[in-house]
Amino acid sequence: MFPTHRPRRLRSSEAMRRMVRETVLTTNDLIYPLFAVPGENFSKEVVSMPGVYQLSVDKIVDEAKAVWDLGIPAIILFGIPADKDDEATDAWHDCGIVQKATEAVKKAIPEMIVINDTCLCEYTPHGHCGYLEVGDLTGTVMNDPTLELLKKVAVAQANAGADIIAPSGMMDGFVGAIRAGLDDAGFTNIPIMSYAVKYASAYYGPFRDAAESAPQFGDRRTYQMDPSNSREATRELLLDIDEGADFLMVKPALSYMDVIRQVKEASHLPVAAYNVSG
């Protein structure tokens with residue numbers, strides 16, 4: 001009695017395996033995060049993530065060139081401003097650090113895709129992702145006023161040459177607000193990569209060291225998702241799709257592979273997975 005079906009026939013050689021491989025990962029699938037800081041010829045290693053650096057804009061350009069030469073098509077920029085304030089001024093000012101880095105990279109490597117993280121936690125002294133009530137020590141961000149601020153940030157980033165806007169603050173309606181802001185400013189062709197499914201997580205610790213964005217009090221559990229919820233992920237992604245998202249992201253990646261699969265099955269949009277602090 002010999003087997004009728006022999007799956008091993010399609011594993012007989014490397015060429016055969018390559019021909020029928022279902023999942024392929026190439027440099028085309030990668031996005032490289034970079035952390036921009038003021039100054040010149042400045043490089044500071046992040047202690048909790050060896051090999052990751054805060055870089056001045058000139059160093060950002062050098063790193064982006066190296067990444068491009070490796071065949072990686074895109075970077076995502078995070079900014080650490082010289083000064084922080086409750087209005088997150090450096091996030092939306094024309095001379096903001098991410099805007100400067102974006103302009104420099106696009107001038108040096110016009111073909112590279114430059115994604116801008118569109119959030120406020122790096123730019124506020126309290127480290128939360130938007131406006132807080134006066135005297136609030138819980139970190140409960142005021143949703144709707146923050147949307148207006150995010151619109152300003154997205155338009156400033158688009159003006160600087162960003163190819164993709166990536167809002168990460170998990171405000172309700174943030175994709176729709178940013179889409180409206182971009183469209184009103186004439187940037188109808190700039191896509192939005194939404195952090196659609198972003199869980200509250202201790203994995204962000206080293207990343208927050210890199211971005212200097214740790215909350216100074218409270219936590220982010222009133223706006224980032226509860227790790228116990230997976231069905232809520234579908235609700236979040238469908239809302240973002242309805243508001244005009246062009247990409248969906250799951251963050252953090254490694255501990256939510258089931259959710260990544262769920263998001264992929266629920267949508268035809270490209271899905272990004274942020275392997276934060278990995």
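Modeller: Let's start with a helix pair: the crossing of H4 and H5 is right-handed. This is a predicted model, where local features need pLDDT of at least 70, side-chain atom pairs count only at pLDDT 80 or more, and totals for chains, interfaces and linings use all residues. Residues are numbered from 1 along each chain as its sequence is written, and side-chain values use heavy atoms, leaving out hydrogens and water.

Biologist: What makes the crossing of H4 and H5 right-handed?

Modeller: A crossing is right-handed if the near helix is turned clockwise from the far one by less than a right angle, and left-handed if anticlockwise. H4 and H5 fall in the right-handed class.

Biologist: How do you know how H4 and H5 are oriented to each other?

Modeller: H4 (residues 97–108) and H5 (residues 143–160) pack at about 25 degrees, their axes 8 Å apart. H4 is therefore roughly parallel to H5, as angles under 35 degrees count as roughly parallel (over 145 is roughly antiparallel, 65 to 115 roughly perpendicular, the rest oblique). Axes are lines fitted to C-alpha atoms, for helices over the stretch in contact, and angles run from 0 to 180 degrees between N-to-C directions.

Biologist: Which residues of H4 and H5 meet?

Modeller: Val 98, Gln 99, Thr 102 and Glu 103 of H4 meet Ala 156, Gln 157 and Ala 160 of H5; contact means heavy atoms within 4.5 Å.

Biologist: What makes S8 and S9 a pair?

Modeller: Two strands pair if DSSP finds at least two bridges between them. S8 (residues 247–251) and S9 have three bridges, in the parallel sense, so they meet that requirement. Within this pairing, Val 250 stands opposite Ala 273 in S9. H8 packs on the sheet too, touching S7 and S8, and its direction makes about 160 degrees with that of S7.

Biologist: Which strands stand at the edges, and why?

Modeller: The open sheet runs in the order S7-S8-S9, with parallel pairing. S7 (193–198) and S9 (271–273) each have a single partner strand, so one side of each lacks a neighbour in the sheet.

Terms used: Helix = DSSP H or I, 4+ residues; strand = E, 2+ residues; numbered from the N terminus.
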